Amino acid sequence: MHTVKVSEFTFFPGPRYRRLGKNSGEEFREDVLMPDIEEHKKIQLDLDGVLGYGSSFLEEAFGGLIRSDVDPELVRFMVNNAISNDNPTIKEEIISYVEDAIKAKDNQALAHARGANS
């Protein structure tokens, strides 16, 4: 299994979007996570060694994987098996963003299906 260390991306995780500043959740998702998932499928995250995480960085990086059509089971596996000794509760926070993104996507698909059947 391939390991992705956030600390190799940055010591200072930034904002949600690239346009808002360096080391964004969007940049981490698009430039690190997506290529690694495509190449290795299952990856292990190492969340340790950074100054801290903002909720917008985490939601965009991991909830954004769901919105980018990454298999939810791969995302759940990655987060549930993440290394997080510096902040053990961070995994629970990330899972909540992933599950919220899954629900939103399911609701959107359901609304679309209902509209198509009208």
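Visitor: How many salt bridges does a search of the whole structure find?
Guide: The search finds 11 salt bridges. A salt bridge here is a side-chain nitrogen of Lys or Arg within 4 Å of a carboxyl oxygen of Asp or Glu. This is a predicted model, where local features need pLDDT of at least 70 and side-chain atom pairs count only at pLDDT 80 or more, while totals for chains, interfaces and linings use all residues. Residues are numbered from 1 along each chain as its sequence is written, and side-chain values use heavy atoms, with hydrogens and water left out.

Visitor: Which residues are linked in a network of salt bridges?
Guide: The network links Arg16, Arg18, Arg29, Glu30, Asp31, Glu59, Glu60 and Arg67.

Visitor: Start with glutamate 30 and arginine 18. How far apart are the closest N and O atoms?
Guide: They are 3.1 Å apart. Glutamate 30 lies in helix H2 and arginine 18 in the loop between H1 and H2, so this pair ties together parts that are 12 residues apart in sequence. Helices (H or I, at least four residues) and strands (E, at least two) are DSSP runs, numbered from the N terminus.

Visitor: Is glutamate 30 buried, exposed or in between?
Guide: Glutamate 30 is partly exposed, because its relative accessibility is 34%. Arginine 18 is also partly exposed, at 35%. The cut-offs are under 20% relative accessible area for buried and over 50% for exposed, with partly exposed in between (1.4 Å probe, protein chains only).

Visitor: And arginine 29, which residue does it bridge at 2.6 Å?
Guide: That is glutamate 60, with 2.6 Å between the closest N and O atoms. Arginine 29 is in helix H2 and glutamate 60 in helix H3, so the bridge ties together parts 31 residues apart in sequence. Arginine 29 counts as buried at 7% relative accessibility, and glutamate 60 counts as buried at 5%. Arginine 29 also meets glutamate 30 in a salt bridge, at 3.9 Å from N to O.

Visitor: Now the nonpolar core. Which members touch the most others?
Guide: In the largest nonpolar core, which has 32 residues, those are Phe28, Leu33, Phe62, Leu65 and Met78. A nonpolar core is a set of buried Ala, Val, Leu, Ile, Met, Phe, Trp, Tyr and Cys residues joined through side-chain atoms within 4.5 Å.

Visitor: Which elements give two or more residues to this core?
Guide: H1, H2, strand E2 (43-46), H3, H4 and H5 do. The largest share, 7 residues, comes from H5.

Visitor: What is methionine 78 in contact with?
Guide: Leaving aside neighbours within four places in sequence, methionine 78 is in contact with Leu33, Ile37, Ile43, Leu45, Phe62 and Leu65. Contact means heavy atoms within 4.5 Å.

Visitor: Back to H5. What span does it reach?
Guide: Helix H5, residues 90-116, has 27 residues and reaches 39 Å from first C-alpha to last, close to the 39 Å expected at 1.5 Å a residue. The expected span is 1.5 Å times one less than the number of residues.

Visitor: Which residues of H5 are buried?
Guide: Ile90, Ile94, Ile95, Tyr97, Val98, Ala101 and Ile102. Their cover includes helix H3 (55-67) and helix H4 (72-80).

Visitor: Where is phenylalanine 12 found?
Guide: Phenylalanine 12 is in the loop between helix H1 (6-9) and helix H2 (25-40).

Visitor: Last topic, the backbone. What is phi of asparagine 23?
Guide: Phi of asparagine 23 is near 55 degrees, a positive value in a residue other than glycine. Asparagine 23 is in the loop between H1 and H2. Aspartate 69, which is not a glycine either, has a positive phi of about 70 degrees.

Visitor: Where does aspartate 69 sit, and is it buried or exposed?
Guide: Aspartate 69 is in the loop between H3 and H4, and counts as exposed at 61% relative accessibility.
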